[in-house]
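Let's take a look at this protein chain together. We'll start with the overall layout and then zoom in on a single spot.

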Amino acid sequence: GIHRINYPTCTLCTVNDDCSNHASTVTSDSQQTEFVCTCNQKWPGADCSTCPTCNQKWSGADCSTCPTEYSGLDCNECGTAHIDYPFCTDRTNALHCNGHTVSIPTNVRKNQCACTCDPKYTGSSYNRCAIGYIGYPAC
């Protein structure tokens, strides 16, 4: 319904004017002297004007954007091609596989890489030539 406050001027309560356009509804208090906002999720304050504090890694004006390096229902795990939550660094051939891999899948928990080594290289860090190859790092 329509709500007004401050008789005799009877100011109209609106979501845009009285609740910073961050409320689902606006009503008046029982004495009809103040407006009462029902703020949208994450917007605190009597007039819904306080910037929200986003949980987990959510971002954006209304905390509804999960940056690409993150994923999950609550933006609380690493996204595609990223590992090591909460840092979620981009997994790269040079950084994680010594530059000698053909693919870099992650494990299920996305906390480490499982590099698929180029057959010319061997070693836990792919830092040696495999049998039959010489001249590291070119192998």
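In this predicted model, the chain is built from two helices and 12 strands. If you walk along the sequence, the elements come in the order β-β-α-β-β-β-β-β-β-α-β-β-β-β. The radius of gyration is 28 Å, well over the 14 Å that the globule rule gives for 139 residues, so the chain is more spread out than a compact globule. You can see that in the C-alpha trace too, which spans about 95 × 20 × 20 Å along its principal axes.

Here are some whole-chain numbers to keep at hand.

| Property of the chain | Value |
|---|---|
| Residues that count as buried | 24% of 139 residues |
| Contacts between residues 24 or more positions apart | 19% of the contacts with a separation of 6 or more |

What about charge? The chain carries 8 positive and 12 negative side chains, and the centres of these two sets lie 17 Å apart.

Now let's zoom in on alanine 81. You'll find alanine 81 in the loop between β6 (77-78) and β7 (82-83).

Which residues does alanine 81 touch, leaving aside its neighbours within four places in sequence? Its contacts are Thr89, Asp90 and Arg91. Isoleucine 104 sits 23 residues from alanine 81 along the chain, and their C-alpha atoms are separated by 8.4 Å.

Conventions:
Residues are numbered from 1 along each chain as its sequence is written. This is a predicted model: local features need pLDDT of at least 70, side-chain atom pairs count only at pLDDT 80 or more; totals for chains, interfaces and linings use all residues. Side-chain values use heavy atoms; hydrogens and water are left out. Helices (H or I, at least four residues) and strands (E, at least two) are DSSP runs, numbered from the N terminus. The radius of gyration is taken over C-alpha atoms; the globule rule is 2.2 Å times the number of residues to the power 0.38. Buried means under 20% relative accessible area, exposed over 50%, partly exposed in between (1.4 Å probe, protein chains only). Contact means heavy atoms within 4.5 Å. Lys and Arg count as positive and Asp and Glu as negative; His and the chain ends are not counted. The place of a charge is taken as NZ of Lys, CZ of Arg, CG of Asp or CD of Glu.
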